[in-house]
Amino acid sequence: MPRAWSLTTAFVIVAASPVAAQSVQYRSPADVVYRSQADTGPVARAEQALAADARSVPRFIQLGVAQAGARQMREAVQTFTRALAVAPNDPMLYRWRGHRNLSVRNFDAAMADLTRGYGLDSTNYGILYHLGVLRFVRGDFNAAADAFRRAQPRAPDGAELAGSTDWLWMSLQRAGRASEATAMLARRPDSLPASNAYAKRLKLYRGEIGPDALFTPSDTGDVDVATLSFGLGNWYLVKGDTARAREQFQRSIRSGGWPAFGFIVSEAELGRLPK
């Protein structure tokens with residue numbers, strides 16, 4: 001009896017442990033496993049709200065966003081798949097599922113979702129923005145620039161406007177269209193206030209700060225480090241300094257901020273750089 005009790009107790013402890021509750025989300029090319037985080041309340045509340053209104057698209061989106069906030073990206077994909085069974089022609093559901101497929105590196109599925117969403121609503125900022133990111137990941141820089149150019153005037157706030165402006169500059173530079181990139185920044189389309197990582201990177205591109213000033217003591221979050229490091233690496237790459245570019249792409253990945261677009265594209269860039 002004591003032995004049986006001990007095994008049962010051990011099973012309960014393992015099942016209740018934080019690691020057991022955190023699902024595998026992504027296994028990197030270097031065989032590093034990244035997991036979801038434990039829910040601190042938002043996911044449970046969103047699940048309860050959806051249970052009370054089981055065919056509500058906004059409730060599905062609320063749940064998927066809450067799951068993504070806990071880095072439960074694969075669970076979010078499942079949530080948006082369930083929602084699409086209810087509303088198969090809702091472009092926002094394709095926008096969200098495409099975004100989360102991108103997060104877990106299901107690039108083909110992300111492209112299918114975002115392409116389908118674009119066909120339903122070609123003016124949707126989120127669809128255009130994430131199409132741009134996905135095209136950049138794949139090295140299709142001209143097509144990425146086109147998506148960000150279309151997204152830019154549809155940005156809903158200053159943070160998103162800084163983001164689409166940043167990615168447009170990077171895409172044009174990588175497509176060999178440096179004069180267009182410079183002219184675009186000179187027009188200062190990012191006119192709304194923003195204080196995110198993209199706004200900082202834009203200052204670097206404009207020469208308002210140097211590379212040593214890009215990071216501040218407050219930039220300690222894994223996603224912020226991944227985002228800033230990738231932007232700095234791309235800046236070095238555009239300038240032809242592949243050694244420093246590689247260092248920053250590696251720094252982005254060392255951050256551990258695996259959901260960040262900077263982390264995702266850093267992986268792609270390291271694969272494209274000569275060994």
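**Rings, helices and burial**

Colleague: How many aromatic pairs does a search of the whole structure find?

Modeller: The search finds 15 aromatic pairs. This is a predicted model, where local features need pLDDT of at least 70, side-chain atom pairs count only at pLDDT 80 or more, and totals for chains, interfaces and linings use all residues. Residues are numbered from 1 along each chain as its sequence is written, and side-chain values use heavy atoms, leaving out hydrogens and water.

Colleague: What makes two rings a pair?

Modeller: Rings of Phe, Tyr and Trp (its six-membered ring) pair if their centres lie within 6.5 Å. Planes under 30 degrees apart are stacked, over 60 edge-to-face, and the rest tilted.

Colleague: What kind of pair do Tyr-129 and Phe-148 form?

Modeller: Their centres are 5.6 Å apart and their planes stand at 80°. The angle is over 60, so the pair is edge-to-face.

Colleague: Which parts does that pair tie together?

Modeller: Tyr-129 sits in helix α8 and Phe-148 in helix α9 (residues 141-151), so the joined parts are 19 residues apart in sequence. Helices here are DSSP runs (H or I, at least four residues), and strands are runs of E (at least two), numbered from the N terminus.

Colleague: Why is the pair of Tyr-129 and Phe-261 called tilted?

Modeller: The ring centres lie 6.4 Å apart and the planes meet at 45°, so the pair is tilted. The pair links distant parts of the chain. Tyr-129 is in helix α8, Phe-261 is in helix α15, and they are 132 residues apart. Phe-261, at 11% relative accessibility, counts as buried.

Colleague: Which residues do ring pairs link into a cluster?

Modeller: Tyr-129, Phe-148 and Phe-261 are among them. The cluster also includes Tyr-125, Phe-136, Phe-141, Trp-167, Phe-230 and Phe-249.

Colleague: What makes the protein as compact as a globular one of its length?

Modeller: Its secondary structure comes to 15 helices and two strands. The radius of gyration is 20 Å, close to the 19 Å that the globule rule gives for 275 residues, so the protein is as compact as a globular protein of that length. The radius is taken over C-alpha atoms, and the rule is 2.2 Å times the number of residues to the power 0.38. Buried residues make up 49% of the 275 residues.

Colleague: How do you know that helix α6 has the length expected of a helix?

Modeller: The expected span is 1.5 Å times one less than the number of residues. Helix α6 (residues 91-103) has 13 residues and reaches 18 Å from its first C-alpha to its last, close to the 18 Å expected.

Colleague: Why is α6 called largely enclosed?

Modeller: Buried residues account for 12 of its 13, so the rest of the structure largely encloses α6. Among them are Tyr-94, Trp-96 and His-99. Their cover includes α4 (57-69), α5 (73-86), α7 (107-120), α8 (125-137) and α15 (261-272).

Colleague: What lies at the start of α6, and what just after it?

Modeller: At the start, a side-chain oxygen of Asp-90 comes within 2.9 Å of the backbone nitrogen of Met-92. Just after α6, Arg-105 takes a positive phi of about 70°.

Colleague: Where does Arg-71 lie, and is it buried or exposed?

Modeller: Arg-71 lies in the loop between α4 and α5. Its relative accessible area is 14%, and it is buried. Its phi is near 55°, a positive value in a residue other than glycine.

Colleague: What of Arg-188: buried, partly exposed or exposed?

Modeller: Arg-188 has 46% relative accessibility and counts as partly exposed. It lies in the loop between α11 (178-186) and α12 (197-205). Its phi is also positive, at about 50°, although Arg-188 is not a glycine.

Colleague: Which residues is Leu-168 in contact with, leaving aside neighbours within four places in sequence?

Modeller: Contact means heavy atoms within 4.5 Å. Leu-168 has such contacts with Ala-145, Phe-148, Arg-149, Gln-152 and Met-184. Leu-168 is in helix α10 (residues 158-174). At 5% relative accessibility, Leu-168 counts as buried.

Methods
Buried < 20%, exposed > 50% of the residue type's maximum accessible area, 1.4 Å probe, protein only. Polar contact = N/O pair within 3.5 Å; in protein donor to acceptor, adjacent residues only side chain to side chain.
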